[in-house]
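Subject: Structure handover

Hi,

Here is the structure I promised to pass on. Have a look at it first, and then read on for what turned up.

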Amino acid sequence: MAMKSYQINAELLLKEYLLADPLIPYTSITGGIFACKMVYDLTNLFSAFYFKSYSNLTKMQRIEWNNRAISTFHAVFITMMSLYFVFCSDLFSDQPHAGLVAFRRSALSTFTLGDMLRDGGDVSSLQWYSEIKIRFPSRTLGPDFPYCRPNCSDSDGYIDILLERLQNPLLYLRSLFDHGVSVGYFIADLGMIIWFYPSLGGMEYVIHHFLSLIAVAYSMLTGEGQLYTYMVLISETTTPGINLRWYFDTAGMKKSKAYLLNGVVIFFAWFVARILLFIYLFYHVFLHQYQVKQMHSFGQLLVLVVPVVLSVMNLMWFWKIFKGMKKTLAKRH
C-alpha cells in the first residue's frame, strides 16, 4: 500500500513538473552534455587505474580514448531505446486508427504537452490546436490522428491525445530524456571534434554529427518524423564495435583473434544497420510519402536529405571496412 501511494505521488509530481516547466527539453539537453562530461572524467579516472598502458599514451590519444567512451555509452543507450520504439513499441505500428506515422508522437513528443497546457485549459484557444486545424482543413481528425477514436470530432481527438499523455508521465519523461541525451551528446561530441580538429575526425565526421544534431533536435521540438529519426539512430549499433577496434589497435592487439573477430562483426553489423535498414527506411518513406508531404517543408527536407547523405557516407565507409577485412583475412592465410 505504501509503495502504491509513493508511486501515485511520484507520478503526480512528474505531471505537475512536466506541465509547469516548458524548459524541460533544454534541461534534458544540458543534462545530456553533463552526462558526456561525467563519462569522460570517469573514463579518465578508471583507465588510469585499471589500464597500465593508458599512462603511456600521448595526450591526444588519451583524449580520444575518453571521447570514444562517451560515444560508446551513448550508442548503447540510444540503440536500445531506438530498437524498442521502432520494433517493440506499438507507437509506430500499422494500427488502423493509430494516426499518421509521420506525425505520431504520443509520449515521444517533448514540447507538445507543455505547449498545450502552458497557456490555459481552453482547447479552442491553443496555438498547437489551431496549427492542426490548418494542416487538416475541412475535416475531422478522425482516424488520421493519434489516439483519436473513429469518427470523433476535433476536440474529442484532442482530449484523447491529452489523456493518453497524462496517463503516461513516466513514458513521456523517458522519451524526453532519450531525445535530450542524444541532442546533448551530438553537441558535446561535435564540439570536441571541432575543437581538436582534425585529430578526432575529419570533415565527414563534422557533417555526420551536424546533420544528426539538426535532425534529432527538429524531431524533438516538433514531434515530426520521429519514426525515421529512430530508424537512423539504430545505426549507432555499430559504434561500440568501431570504438573497440580502435582500443585494440591502440593497445597493440592488431594480430589477436579478438581483433579479427571484431572486424567480421563490424562488417555484418554495418551491412544490417547502415545499409539494409536505410533501404527499408527509404521504402517506408516511399509508401508513406503522402504523410511526409504533410510535414513542414523543413521537416520534409530533413526526411529526404539527411538519410541520403548519411547513406552515401555509410557506403563509403562500408567499402573501406570491406577492403580492410579482405586485407586482414588475406594476411591470415
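Predicted model: local features only at pLDDT ≥ 70, side-chain atom pairs only at ≥ 80, totals over all residues.

Now the cavities. H8, H9, H11 and H13 each put in at least two.

The largest nonpolar core has 61 residues, and Val 183 and Tyr 228 are the ones with the most contacts inside it. Helices giving two or more residues to this core include H2 (24–50), H3 (59–88) and H7 (169–195), and the list goes on with H8 (203–222), H9 (226–233), H10 (239–250), H11 (257–287) and H13 (297–332). Leaving aside residues up to four places away in sequence, Tyr 228 touches Leu 281, His 284, Val 285, His 288, Val 292 and Val 303.

On to the aromatics. There are 18 aromatic pairs in the whole structure. One of them is Phe 49 with Tyr 50: the ring centres are 4.9 Å apart and the planes sit at 85°, so this pair is edge-to-face. Both Phe 49 and Tyr 50 are exposed. Tyr 84 and Phe 85 also pair edge-to-face, because their planes are at 65°, over the 60 degrees required; their centres lie 5.2 Å apart. Are these two buried or exposed? Tyr 84 is partly exposed, at 33% relative accessible area, while Phe 85 has 2% relative accessibility and therefore counts as buried.

There is a ring cluster to look at as well: Phe 267, Phe 268, Phe 271, Phe 318, Trp 319 and Phe 322 are linked by ring pairs.

Last, a couple of charges over rings. Arg 274 has its charged end over the ring of Trp 270, 4.4 Å from the centre. Arg 245 lies over the face of Tyr 259, and here the distance to the ring centre is 3.9 Å.

Cheers

Notes:
Residues numbered from 1 in each chain as written. Heavy atoms only, no water. Phe/Tyr/Trp six-rings, centres within 6.5 Å; stacked < 30°, edge-to-face > 60°. Buried < 20%, exposed > 50% of the residue type's maximum accessible area, 1.4 Å probe, protein only. Lys NZ or Arg CZ within 6 Å of the ring centre and 35° of its normal. Core = buried A, V, L, I, M, F, W, Y, C linked by side-chain atoms within 4.5 Å. Helix = DSSP H or I, 4+ residues; strand = E, 2+ residues; numbered from the N terminus. Contact = heavy atoms within 4.5 Å.
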